[in-house]
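Got the viewer open and the chain loaded? Let's take a walk through it, one selection at a time.

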Amino acid sequence: MNETVHLFGRSNSLVGVLTIPERPTASSSAPAVIILNSGMVHRVGFNRLSVKMARALAGQGLTAFRFDFNGVGDSAIRNDNLTFAESAVTETLEAMDYLQQTAGVGQFMLIGICSGAVVALKAALRDRRVSALVPINIRNYRSESLTPSDHDTVSLHYYWRVKFNPVSWKRLLTGATDYSRLTRVLARLGKNLAFWCRKEEAGASELLADLEALFKTDITVHLIYAQGDLGLDYIQVHFRGEPNLVIIPDADHLFTHGKNQEALLDELTGFASQLVNGGQNSCLPSSSGDSSPARKGRSRKR
């Protein structure tokens, strides 16, 4: 594969790295991949994960592009009045424009972790060139505050999910878990045993509304969560049953351990292989609300 550095954007001040596969796929349905920053982490990514993603996907014949948002890494700060949340989406669309003009690409797959997943979702809803989306550990937007009832529901879902985990019981019995908080949560929600079916009483949050809008599109989505990520509980609480998603076993939010990174890369390359071969793999529930149980990452079978 070949990697080159590029300047692009409105003022030619954004810096990105293009990874070109040694054997590009000949599939007309194969998109170019854009890997987005998470927060203020530059284009290398947590634990060099963005680099590993780009090279793994290039191994599947896909062109991959990872770049720095303005003010992050090597990209200059913008001189307009856009907020970072607004400019990140704008710059993602500029990256798509650049690749379309220079590489003749018409379809894109966006990948992001945490806040990068939020940007990917927002960009996908704004631009029809996005044909595939991989949100990883996406959670409620930072600008949103959970109601006390919502917070308790997510907390109870978390306690319920880990109740058969020996490590969690050890933490509880040794005092590492906050007894008082658990007691308060159980006291307030003890009468609401069907918490897994609950929707927000005051209407959908912005994230939930965006996800519902996404379900109605023809974008192919691969929703991935680390087993230890709190966003997983948020999603499972707010959808009837569980979304058909992939859970990477024993992984933390940043996929710190090598085995968890390998499992994540396996999921991405498997998904990419299906796209290259023209397959469909929508891993989100349909707009009707039907869904199937979450499946574990393939690393669990090793």
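## The whole chain

Start with everything selected: of the 302 residues in the protein chain, 50% are buried (buried means under 20% relative accessible area, exposed over 50%, partly exposed in between, with a 1.4 Å probe and protein chains only). This is a predicted model, so local features need pLDDT of at least 70 and side-chain atom pairs count only at pLDDT 80 or more, while totals for chains, interfaces and linings use all residues. Residues are numbered from 1 along each chain as its sequence is written, and side-chain values use heavy atoms, with hydrogens and water left out.

Colour by secondary structure and you get 9 helices and 10 strands; these are DSSP runs numbered from the N terminus, with helices being H or I of at least four residues and strands E of at least two. Contact here means heavy atoms within 4.5 Å. Among contacts between residues at least 6 apart in sequence, 71% join residues at least 24 apart.

## Stop one: α1

Select 49-58, which is α1. Because 7 of its 10 residues are buried, α1 is largely enclosed by the rest of the structure. The buried ones are Leu-49, Ser-50, Val-51, Met-53, Ala-54, Leu-57 and Ala-58. What covers them? Show β2 (14-20), β3 (32-35), β4 (64-67), β5, β6 (130-136) and α9 (258-276), which are included in the cover.

## Stop two: the cavity

The rule: on a 1 Å grid over the protein atoms alone, a cavity is a set of points where a 1.4 Å probe fits but cannot get out, and lining residues have an atom within 4 Å of a point.

Of its 14 lining residues, pick Leu-36, Ser-38, Gly-45, Ser-50 and Ile-113, the closest to the centre. The elements that give two or more residues to this lining are α1 and β5 (108-113). By class, the lining has 8 nonpolar, 6 polar and no charged residues (Ala, Val, Leu, Ile, Met, Phe, Trp, Tyr, Cys and Pro count as nonpolar, Asp, Glu, Lys and Arg as charged, and the others, Gly among them, as polar).

## Stop three: two cores

Next, select Ile-34, Phe-67, Leu-133 and Ile-138: they touch the most other members of the 44-residue largest nonpolar core. Such a core is a set of buried Ala, Val, Leu, Ile, Met, Phe, Trp, Tyr and Cys residues joined through side-chain atoms within 4.5 Å. A second, separate core has 31 residues, including Val-33, Leu-49, Leu-57 and Ile-248.

## Stop four: Val-276

Jump to Val-276 in helix α9, buried at 15% relative accessible area. Draw a distance to Ser-29: the two C-alpha atoms are separated by 6.6 Å, although the residues are 247 apart along the chain. Beyond neighbours within four places in sequence, Val-276 also contacts residues including Thr-25, Gln-60 and Leu-62.

Most residues other than glycine have a negative phi. Asn-137, though, has a phi near 55°; look for Asn-137 in the loop between β6 and α4 (148-161), buried at 0% relative accessible area. Then go to Phe-255, where phi is about 50°, in the loop between β9 (246-248) and α9. Phe-255 counts as buried too, at 0% relative accessibility.

Methods. On a 1 Å grid over the protein atoms alone, a cavity is a set of points where a 1.4 Å probe fits but cannot get out, and a pocket is an open set with protein on both sides within 12 Å along at least five of seven lines; lining residues have an atom within 4 Å of a point.
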